[in-house]
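This report describes selected features of the structure shown below.

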Amino acid sequence: MRNKFQYFSVGLITTWLCIFGLLSFLVMVVMSFLQHDPDHIALWHFTLQNYEDLFDPIFFKIFIKSFYIAFMVTAACLLLGYPFAYIISRLPERLQNTALLLLLLPFWTSSVVRTYAMMSLLKTKGLLNTALLSLGLIHEPLQILFTNTAVAIGLIYNLLPFMILPIYVNLERFDISLIEAAKDLGAKYTTIFRKVIIPLSIPGIVGGCTLVFLPAMTLFFISDLLGGAKALLLGNLIEDQFLMANNWPRGAATSVLLTVIMAIGLLIYWFKSNKRINYDAAI
Amino acid sequence: MMRPFRSFYLTLIYLFLYIPIGTLIVYSFNNATFSMLWHGFTLNWYRAVLQDSSLWLAVWHSFYLALAATTSALFIGTLAAISLYRYQFRGKNMLQGLLFVIIITPDIVMGIALLILFSLSGLALGFWSLYIAHVTFCIPFVVVIVYSRAKSIDPNIFAAASDLGASELQTFWHIIVPILLPALISGALLCFALSFDDIVISYFVSGPGFEILPIKIFGLARMGVNVELNALCSLLFGLTLILVCLSQWVTRKKKL
């Protein structure tokens, strides 16, 4: 009986994940090495062309731009999110839970809905412009919607909690006596922050950055709604290859590249958090 | 006592998070199509939403898709979590690794990988392709939630149950399931929300014959801001609020 239950449940999930997780991913990798053909999905002919294409100036520009935007968004989320995570990690426990619930509440609703909300806030006759105009801060409405700034704001708005949560989890477990020890030894508050708090929260920071950076390159619908007509993010490039240009092999190659970037991020994270564990063992 | 700067900073971030949604809700009651000035209270836009039958079809599709995906993911994921907790077997590490990889894979990669698989295998894009995709991305979350609850079970309980002559199936129904109930409920709510809200993966694996709500909203939003959409989004946000409060209430009650 024990074996039947075990075989059934393990077999079920393994089969499901192997077919729809592993196999689909492998098929995508194979596809990225096939030749593009306008009449079929792809030609059964090995080529490296799709990867060479990615270094074509047009695509390369999109990469650089997407990287740049993702980098800025990640930096902004870190600057906004770190103090936030720090402050709530120091609140009494009851307040902490409420603070977290309030943080996550908007994120239970669809990200399209949230992006749409941002869209109506930023439009030329939207609340932001109306408010700034009536306060006399500006004299004509700002054109924010359909610019890169709007895309960046939309991404920050959607991704901020993914930065805050890992850092919060890290800081929450933080041993407060370390700070007291540093104080006793005469360290100033800035020194404590720089030499004690920040280094120990590195795993949280790296985790948060990975969680923000990748989606910031791929959430194509945000740039579709808030940005101009041009493909801006790596995600838009992939979307275009599949749904407009109909060049599946190239789209697959772009996705493989994205996965490689993700793997690198994970390796850094793994390396950093392993160092953290060794550090713990040392004390 | 919170220092003033700290509460000021928290307030600022919360404002950033809530102002867009707040504005949306307030203006869904505004009696004007484009203006941001207040033209009086109206429920017209809600009435229009309620009468839009193509919208309701999308809601209905999303609803039963989420229900089907949640049920299946809960079934597969819970059984897997229990096995991972109770048994040692070959490939256990590989299975855990696979679950982890699926959680962190960017949605867009999973979306197109499944799209390629479906087109090559000849599966038409529609309910079934969406169902498979949603079950796949929900399973790992169920496993994580149920497994972390299962870890808190005292293993002696199983010994006690078998000493008293309970079969494996009886142990499962009368001991494991009741203990895991809070985890099952929060897992189900999470899956439902993930499935109901997903856009990136669904965008690639949905077909024209089976339209779901996020895709429909995305299509409408692409054409620009409109008041009817404000009302619809406000309704969705209200629904979410109710679900979250419900799940909070369930978990809190279980703690007592």
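## A helix pair across the two chains

In this predicted model, the crossing of α3(A) with α1(B) is left-handed.

On the side of α3(A), the contact is formed by L80(A), P83(A), F84(A) and I87(A), while α1(B) contributes R6(B), Y9(B), L10(B) and I13(B). Sorted by class, the contact of α3(A) with α1(B) comprises seven nonpolar residues and one charged residue, with no polar residues. As a general point, residues three or four places apart in an α-helix point the same way, because there are 3.6 residues a turn.

## The contact between the chains

The contact as a whole draws 63 residues from chain A and 59 residues from chain B. In chain B, the helices that each supply at least two residues to the side touching chain A are α1, α3 (53-86), α4 (92-104), α5 (107-121), α6 (127-150), α8 (168-197), α10 (213-222) and α11 (227-255). The largest share of this side, twelve residues, belongs to α1(B).

By class, the side of chain B that touches chain A consists of 48 nonpolar, seven polar and four charged residues.

## Chain B as a whole

Chain B contains eleven helices and zero strands. Along the principal axes, its C-alpha atoms fill a box of roughly 75 × 60 × 35 Å.

Of the 256 residues in chain B, 40% count as buried. Among the contacts in chain B that link residues at least 6 apart in sequence, 82% join residues at least 24 apart.

Helix α5 of chain A covers residues 111-122. From its first C-alpha to its last, this helix of twelve residues reaches 16 Å, close to the 16 Å expected at 1.5 Å a residue.

Twelve of the twelve residues of α5(A) are buried, so the helix is largely enclosed by the rest of the structure. The buried residues of α5(A) include R114(A), Y116(A), M118(A), M119(A) and L122(A).

Key. Residues numbered from 1 in each chain as written. Chains lettered and ligands numbered in written order. Predicted model: local features only at pLDDT ≥ 70, side-chain atom pairs only at ≥ 80, totals over all residues. Left-handed = near helix turned anticlockwise from the far one by under 90°. Helix = DSSP H or I, 4+ residues; strand = E, 2+ residues; numbered from the N terminus. Contact = placed C-beta atoms within 7 Å. Nonpolar A, V, L, I, M, F, W, Y, C, P; charged D, E, K, R; others polar. Expected span 1.5 Å × (residues − 1). Buried ≥ 20, exposed ≤ 12 C-beta atoms within 10 Å, placed from the backbone.
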